[in-house]
Amino acid sequence: MTQGSLADSRPIVAADEPHALPGFDAVARLAANALAVPLVALLLVDGSAFWYTPPGHADSLRLDGALLAACRQAARRGVAEAVPDARNDTRFLPAGTDPAHAAIGFFACEPVFALNGQLLGALFAADRHPRLTLSAGERAALRDAAALAGAGVALRNYLDRTDPATGLPHRNAFFADLRAQLPGDDDTAWLVAIEAAPVARFHAFVRAMGHVYADALMRAVAARVQAWTSPGMQLYQVGTSRLAVLLSDPRDEPPPARLDALVARLREPIDCLGVPLTLQPGVGLLRVEAGELRGGDPLRRVMSASHAAQDSVPGWARYDHAQDERQRQEFLLVTELAAALSERTELELHYQPRVELANGRCVALEALARWRHPTLGAVPPGVFVPLAEQAGLMRALTDWVLDHGLAQLAAWLHAGLDVQLSLNVSSADLDATLQTRLATAAQRHAVPLTRLELEFTESTTMRHSDATRRHLAALREAGVGIAIDDFGIGYSNLDALRQMPASCLKIDQSLVRGLDASRHDAAVVRSMVVLAHELGFRVVMEGVETGRVLAAVRDMDCDEVQGFHIARPLPAADVADWLRSNRSAPLPRPADHPPG
Ligand code: C2E
Ligand code: CA
Ligand code: CA
């Protein structure tokens, strides 16, 4: 069996990927059996063609050359025809062919009509051998098959425009209508797009309730939007949870009050087959110019506006090119980050020394991730770490940091350097598996867990306190140090802090930076240090940038300092040299650095 479609003389791919013709195979098989022919074909006046050849027929016949041209001509004429002996019919004979070598011996066709009587094309039966006649039964079979083929075309035309679940015209229809509304280069149109709910929430709803509910929900949303439209506006279903409206007036932007009204309507609670729901809709607005239909994607752009609007107070937003670009860049960056994580060539760790205040000796190195992007250059972790968090790449990043950092630590230990390694870990990593991941990496590189410390931000450690505490306690028991990073900018309560199985508190740079100048900051930090010591934590001052801050810190009985004044984060290759020079001249004294 073969079914295909042809548009004019182009290859067997029709424009806009129409649906295959529903039921054509069955209809053609019936006709081929009834007439005992090796080829049944359907040609439509829009140029598309479908054909069927029964498998294993002794005289195979192809729809090509002269036959295709003859069928096209007959399809446009729209009259029934039977040619029992077609060998002398010049329509089927390529010029100059001897009738003795004619490919077509028998030919019959029956016009195909739409339900409204419009001519759609014709159904053909052909054979290599001529016949004496065509029986009444055979004629009737071909006529019935043509009627059924007409029903199939009607169904295909419906499906080409309509989403069966909501009964609304869908994306193909949307683009067809948009193109029709913008015939001239200067024409414009206004589009409104509706995102019913945040995609993750919509999918969770489908998972929990099933597609029947999702379809009912979209019908209910569509009914609300439909009630908002005025005559001449057309509503489309453009995605599973997305609708679009093509506005009727191409010149005037819809006033804000109109869009407020749409959002208000969509925000009202919905009853979906007995399940009460409140949506978080986003409505986007875009003015499309005809030129943008070539190559541009107005639907993507208006959807990006509706997506952005979901989190906004008004719930609707005009398309904003700058914001769209930012989001696209972020998306591209995330995909490139995923690639960088699997290829492992663009990422690197730098190491910033932490030194003991009392004697200036380096006690630990903090590993800080670096991404050398091939075209953007150095992308700071302040940019890519949050992106990795949003995109679910954090575990991959942490695994890379663990593997890479521990390999480096093993090399330093092997070379006789007495250092510890401190690693930054995000909240996405803090679960029961972290200990195993860490232990596996430590085993792989043969480094003792007691050489390692994990840094969690204050906000991470203070969240989900019970489970968090258990996981941290398990790590502490295994000998791993736990530092609370960026301390002092979150909202720790004392009790939670007291129960935290941490070993170290790193006071955030923002508090340390002003220590030399602000008596208030100094008083706050001083009391933090006292408190931390009372709870049994070592205290690290982060972001010591100047000699004056270092001098102020010396006053405070803290344990370690870290910052540009002591050392910037260093590439791995520079660490050994730095450690050697640090041994001979431990900490820069205030006198070495003029105030400032
Ligand atoms: P953080 O953990 O607080 O790391 C300290 C940051 O402050 C580093 O920025 C470091 O270069 C910078 N810094 C150190 N001393 C000074 C100073 O004296 N003055 C100033 N102004 N800055 C100083 P970096 O490397 O850009 O990292 C930023 C943040 O990104 C880190 O903050 C950490 O939260 C995160 N990060 C970096 N690497 C990783 C990683 O491998 N995993 C995770 N989860 N987060 C990471
Ligand atoms: Ca840190
Ligand atoms: Ca920090």
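The model is predicted: local features need pLDDT of at least 70, side-chain atom pairs count only at pLDDT 80 or more, and totals for chains, interfaces and linings use all residues. Residues are numbered from 1 along each chain as its sequence is written, chains are lettered from A and ligands numbered from 1 in the order written, and side-chain values use heavy atoms, with hydrogens and water left out.

**Ligand 1 and its shell**

- The space taken by ligand 1 is the largest pocket. A pocket is an open set of points on a 1 Å grid over the protein atoms alone, where a 1.4 Å probe fits, with protein on both sides within 12 Å along at least five of seven lines. A molecule sits in a pocket if more than half of its atoms lie within 2 Å of its grid points.
- There are 21 residues around ligand 1, and Gln352, Arg370, Gln509, Glu545 and Phe564 come nearest. A residue counts as near if one of its heavy atoms lies within 4 Å.
- By class, the shell has nine nonpolar, six polar and six charged residues. Asp, Glu, Lys and Arg count as charged; Ala, Val, Leu, Ile, Met, Phe, Trp, Tyr, Cys and Pro count as nonpolar; the others, Gly among them, count as polar.
- β14 (362–373), α10 (381–390), α11 (394–414) and β18 (481–487) each supply at least two shell residues. β14 gives the most, with four. Helices (H or I, at least four residues) and strands (E, at least two) are DSSP runs, numbered from the N terminus.

**Polar contacts to ligand 1**

- A polar contact is a pair of N or O atoms within 3.5 Å.
- A polar side-chain atom of Arg370 lies 2.8 Å from an oxygen atom of ligand 1.
- For Asn424, the distance to a ligand 1 oxygen is 3.0 Å. For Glu366, it is 3.2 Å.
- Taken alone, ligand 1 exposes 800 Å², and the protein buries 82% of that. Accessible areas come from the Shrake-Rupley method with a 1.4 Å probe.

**The calcium ions**

- Donors are N, O and S atoms within 2.8 Å of the metal (3.2 Å for Na, K and Ca); water is not among the atoms, so sites may look incomplete.
- Asp485 bridges the two calcium ions, which lie 4.0 Å apart.

**Positive phi angles**

- Leu273 has a positive phi of about 45° although it is not a glycine. Leu273 is in the loop between β9 (270–272) and β10 (275–277).
- Asp557 has a positive phi near 65°. Its place is the loop between α18 (547–554) and β21 (560–561).

Conventions
Polar contact = N/O pair within 3.5 Å; in protein donor to acceptor, adjacent residues only side chain to side chain. 1 Å grid on protein atoms, 1.4 Å probe; cavity = no way out; pocket = protein on both sides within 12 Å on 5 of 7 lines; lining within 4 Å.
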